[in-house]
Amino acid sequence: MNYLPLVGILIVILGFLLRLNTLAVVAAAALATGLAAGRDLGEVISILGKAFNESRYVSIVWLALPVIGLLEHYGLRQQARRVISGFAGATTGRLLLAYLFFRQVTAAIGLNSIAGHPQTVRPLVAPMAEAAAERTGPIDGRTRERVKAMSAATDNVGNFFGEDIFIAIGSILLIIGFLDQNGIQVAPLQLSVWAIPTAIVAFIIHGARLLWLDKSLAQTPSARSERSRGAPASSLEKRPSTSLGTSDDGMPS
């Protein structure tokens, strides 16, 4: 009987006695046990990774939520608003149009989780869109909710119409399975190619909605009052007087 693989137990005991890092001690013990049992390094690492993936109770996606909450607590949303305020030509529609393009491109190459409502829209995109809308003056609650809704809609449109371009996405596999059950043989690449025109049309339509949003924000009462307050005084001096006139000789009439 080979007792050499039990060296891992000794490493764990010594590591705990010396108060070393627990994770490092356990990993070292597992590696030593695997190597002592005659397994190569790559196989040992593969076994460790599989065991971790099957026994973990918390998904990495859920671990991102408290991190985002902590960043918001320390002023992530306020910093995002300050950043967008520094760009002179930034508007709500242009900002969301750029995000729509980014979302579609990343979803088309399979990076769906790189953006989304909890990790980008709420802490970054929506505050920046609100700050861009406030450049022409304060906005009311209804307008603010409209900007937030359009920010969320932009993420939905970009992700929904961009992900179908990626071959290994669940929706493509679902369509292929449904067509195959009905005797229609379609390759995944064919569906991906035909999803490109749809994504382009979706980008054009929603992009037009975003540009229309800019136009409607410019027509809000707060924006009009802000422009009127900023009107030059010379325009007021050119108005004819209705209460007092002058005659040709310069004397009051």
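The questions below ask how some descriptions of this predicted model follow from its values.

In this predicted model, local features need pLDDT of at least 70 and side-chain atom pairs count only at pLDDT 80 or more, while totals for chains, interfaces and linings use all residues. Residues are numbered from 1 along each chain as its sequence is written, and side-chain values use heavy atoms, with hydrogens and water left out.

Q: What is the mean pLDDT of the protein, and what share of residues reach 70 or more?
A: pLDDT is the predictor's confidence in each residue, from 0 to 100. The mean for the protein is 80, and 81% of its residues reach 70 or more.

Q: Where does pLDDT stay under 50?
A: It does so over residues 231–253, for which the model has seven contacts beyond four places in sequence; contact means heavy atoms within 4.5 Å. Where pLDDT is low, the predicted coordinates should not be read in detail.

Q: How many helices and how many strands are there in the protein?
A: Helices (H or I, at least four residues) and strands (E, at least two) are DSSP runs, numbered from the N terminus. By that rule the protein has 12 helices and zero strands.

Q: Why is His206 called buried?
A: Buried means under 20% relative accessible area, exposed over 50%, and partly exposed in between (1.4 Å probe, protein chains only). His206 has 3% relative accessibility, so it counts as buried. His206 lies in helix 10 (residues 188–218). Apart from neighbours within four places in sequence, His206 contacts Leu100, Met150, Ala153, Thr154 and Val157. Of the 253 residues of the protein, 28% count as buried.

Q: Why is helix 6 called roughly antiparallel to helix 10?
A: Helix 6 (residues 92–108) packs against helix 10 at an angle of about 165°, with the axes 8 Å apart. Angles under 35 degrees count as roughly parallel, over 145 as roughly antiparallel, 65 to 115 as roughly perpendicular and the rest as oblique. The pair is therefore roughly antiparallel. Among the residues that meet are Leu100 and Phe101 in helix 6, and Phe203 and His206 in helix 10.

Q: What makes Arg19 exposed?
A: Arg19 has a relative accessible area of 78%, so it is exposed. Arg19 is in the loop between helix 1 (7–17) and helix 2 (22–36).

Note on methods:
Axes fitted to C-alpha atoms, helices over the stretch in contact; angles between N-to-C directions.
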